[in-house]
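Please go through this structure and say on what grounds its features get their labels.

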Amino acid sequence: MQGKYIKSPINYAGGKYRFLKKIIPLFPKDINTFVDLFGGAFNVGINVDAKKIVYNDIISFLPDIFEYWRNTPMEDINEYINSTISENDLSATNAEAFYEFRKKYNATKDIRDLFVLTCYSFNYQRRFNNQHNFNSSSGKKASTMNSNIRRNLNDFVYELKKKKIEFYRLDFKDFNFDSLCSGDFVYSDSPYSVGTGVYQDGKRGFKGWSKDNDKELFEILDRLDSRGIRFAMSNLYENKGMINHELVDWSKKYNVQHLSSNYNGANYQRKRSKSVEVLITNY
């Protein structure tokens, strides 16, 4: 896709929308199956031209809501959103209504309500406890179902319905990589070992991420490379003074593009920025 990119209506820590103009042009132009291995908000996969797109994320509410949107007429989605906001008296200033609606969602776990609830939560965040109960606080006059979210939702759902997309809810190690061949392409945007993502600590009802997971992912990508299957990985070399030395060493055998706007040097060891985000490819 050229020009304007589709933005997911879901706010997500580490989302790649702001990097799409740098990332997408670096992808191959001839992709049969595109695998978004850690799909997240789906900002990348929804903008890729491929014969088939595979979305995977172990945080199951994400593919759940995407499938609901894909299988539901847009007018029905908007009607449900509008009636839910009205019936529950949700607004940017009604914190009491937000907490009542949060209680309702935790009792029903209705995936349709989760999206609405998030739009009125603090910084549009989704936080959960170990029982997967939503525990983000009220947006405190800053979060609401605004026109930008509605526009992004309509554009995103249109693209969901237009493309051939399969949804999975697997741990990355359980994905069937044997089904892929040389015309396919795997994109990895795993949690970052030197990042600060909400779900990395493993204490919120979802599996955490560690250096051991990094090594397991490196091995998977190495095997893909040995089979002639192309991949790209987004990751952080450095963040807030922490350096992922294992990633830096592993990536030396591949091609590395620096994405961070404040990164200015060819010599990583001599020029360090506050956040060094890279795209690592085997082609």
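Q: Where is lysine 240 found?
A: Lysine 240 sits in the loop between strand 5 and strand 6 (242–243). Strands are DSSP runs of E with at least two residues and helices are runs of H or I with at least four, both numbered from the N terminus. This is a predicted model, in which local features need pLDDT of at least 70 and side-chain atom pairs count only at pLDDT 80 or more, while totals for chains, interfaces and linings use all residues. Residues are numbered from 1 along each chain as its sequence is written, and side-chain values use heavy atoms, with hydrogens and water left out.

Q: Why is lysine 240 called exposed?
A: Exposed means over 50% relative accessible area, buried under 20%, and partly exposed in between (1.4 Å probe, protein chains only). Lysine 240 has 57%, so the label is exposed. Lysine 240 also has a positive phi of about 50° although it is not a glycine.

Q: What makes lysine 109 partly exposed?
A: The relative accessibility of lysine 109 is 33%, so lysine 109 counts as partly exposed. Lysine 109 lies in the loop between helix 4 (95–108) and helix 5 (111–118), and its phi is positive, about 55°, although it is not a glycine.

Q: Why does tyrosine 237 count as buried?
A: Tyrosine 237 counts as buried because its relative accessibility is 5%. Its place is in strand 5 (residues 230–239).

Q: What makes the contact of glutamate 67 and arginine 70 a salt bridge?
A: The term requires a side-chain nitrogen of Lys or Arg within 4 Å of a carboxyl oxygen of Asp or Glu. For glutamate 67 and arginine 70 the N to O distance is 3.9 Å, and their side chains meet in a salt bridge. Both residues lie in helix 2 (residues 61–70), three residues apart, about one turn of the helix. An α-helix has 3.6 residues a turn, so residues three or four places apart point the same way.

Q: Which residue forms a salt bridge with glutamate 67 at 2.7 Å, and why does the pair tie together parts apart in sequence?
A: Arginine 169 does, with its closest N and O atoms 2.7 Å apart. Arginine 169 lies in the loop between strand 3 (165–168) and strand 4 (185–188) and glutamate 67 in helix 2, so the pair links parts 102 residues apart in sequence. Arginine 169 is partly exposed, at 31% relative accessibility.

Q: How many salt bridges does a search of the whole structure find?
A: The search finds 17. One of them joins lysine 173 and glutamate 216, at 3.8 Å from N to O.

Q: How do you know that the length of helix 3 agrees with its number of residues?
A: The expected span is 1.5 Å times one less than the number of residues. Helix 3 (residues 74–87) has 14 residues and should span 20 Å; its end C-alpha atoms are 20 Å apart, which agrees.

Q: Why are the buried residues of helix 3 said to line one face?
A: Buried residues in helix 3 are Met74, Ile77, Asn78, Tyr80, Ile81, Thr84 and Ile85. Seen down the helix axis, they fall within an arc of 160°, so they line one face of helix 3; the arc is that of the directions from the helix axis to the C-beta atoms. The face turned away from this buried side carries the exposed residues Glu75, Glu79, Ser86 and Glu87.
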